[in-house]
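Please look over the sequence and the structure shown here before turning to the points below.

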Amino acid sequence: MIVNYGFNATLTARPAMGDQLVDLLLTGLNEGSPGASEHCLVYLVSRSASDPDVVHVTEGWTSEEDHHRVFAGETAQAIVARIGPLLAKDSAYTDYVPVRGKASF
């Protein structure tokens with residue numbers, strides 16, 4: 001499969017809540033969760049090297065439509081609902097159309 005749609009999100013947790021935010025985002029890889037979907041080809045959670053409360057998520061999907069459909073599901077919405085209270089401010093999103101690259105985990 002080829003990544004045809006993706007985005008980066010930068011989330012800033014409330015002070016000292018970065019660990020909780022990372023743990024919650026990583027549940028997105030659990031079976032039945034968005035990151036485990038056959039349509040999600042890249043799901044990478046990273047932390048800022050200088051601020052442990054700043055978390056970056058990179059996702060790559062087979063299509064924008066697949067992303068929206070999966071995130072409309074109950075499991076994804078439950079994760080999203082739990083993220084809000086952990087955040088210190090609105091998240092920043094940058095969408096993109098991948099050209100070429102490599103991902104090996």
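The structure is a predicted model. A search of the whole structure finds two aromatic pairs.

**Aromatic pair of phenylalanine 7 and tyrosine 93**

- The ring centres of phenylalanine 7 and tyrosine 93 lie 5.8 Å apart, and their planes are at 55 degrees, so this pair is tilted.
- Phenylalanine 7 is buried, because its relative accessibility is 8% and the cut-off for buried is under 20%.
- Tyrosine 93 has a relative accessible area of 55% and is therefore exposed, the cut-off for that class being over 50%.

**Aromatic pair of tryptophan 61 and phenylalanine 71**

- Tryptophan 61 and phenylalanine 71 form an edge-to-face pair, with 6.0 Å from centre to centre and 70 degrees between the planes.
- Tryptophan 61 is located in strand E3 (residues 54–61) and phenylalanine 71 in helix H2 (residues 64–71), so the pair ties together parts that are ten residues apart in sequence.
- Tryptophan 61 and phenylalanine 71 are both buried.

**Salt bridge of arginine 47 and aspartate 19**

- A salt bridge joins the side chains of arginine 47 and aspartate 19, at 2.7 Å from N to O.
- This pair links distant parts of the chain, as arginine 47 is in strand E2 (residues 40–47) and aspartate 19 is in helix H1 (residues 18–26), 28 residues apart.
- Arginine 47 has a relative accessible area of 35% and is therefore partly exposed.

**Salt bridge of aspartate 66 and arginine 69**

- Aspartate 66 and arginine 69 form a salt bridge in which the closest N and O atoms are 2.9 Å apart.
- Both residues lie in helix H2; because aspartate 66 and arginine 69 are three residues apart there, about one helical turn separates them.
- Aspartate 66 counts as buried, since its relative accessibility is 15%.
- Arginine 69, with a relative accessibility of 48%, counts as partly exposed.

Technical notes: Residues numbered from 1 in each chain as written. Predicted model: local features only at pLDDT ≥ 70, side-chain atom pairs only at ≥ 80, totals over all residues. Heavy atoms only, no water. Phe/Tyr/Trp six-rings, centres within 6.5 Å; stacked < 30°, edge-to-face > 60°. Buried < 20%, exposed > 50% of the residue type's maximum accessible area, 1.4 Å probe, protein only. Helix = DSSP H or I, 4+ residues; strand = E, 2+ residues; numbered from the N terminus. Salt bridge = Lys/Arg side-chain N within 4 Å of Asp/Glu carboxyl O.
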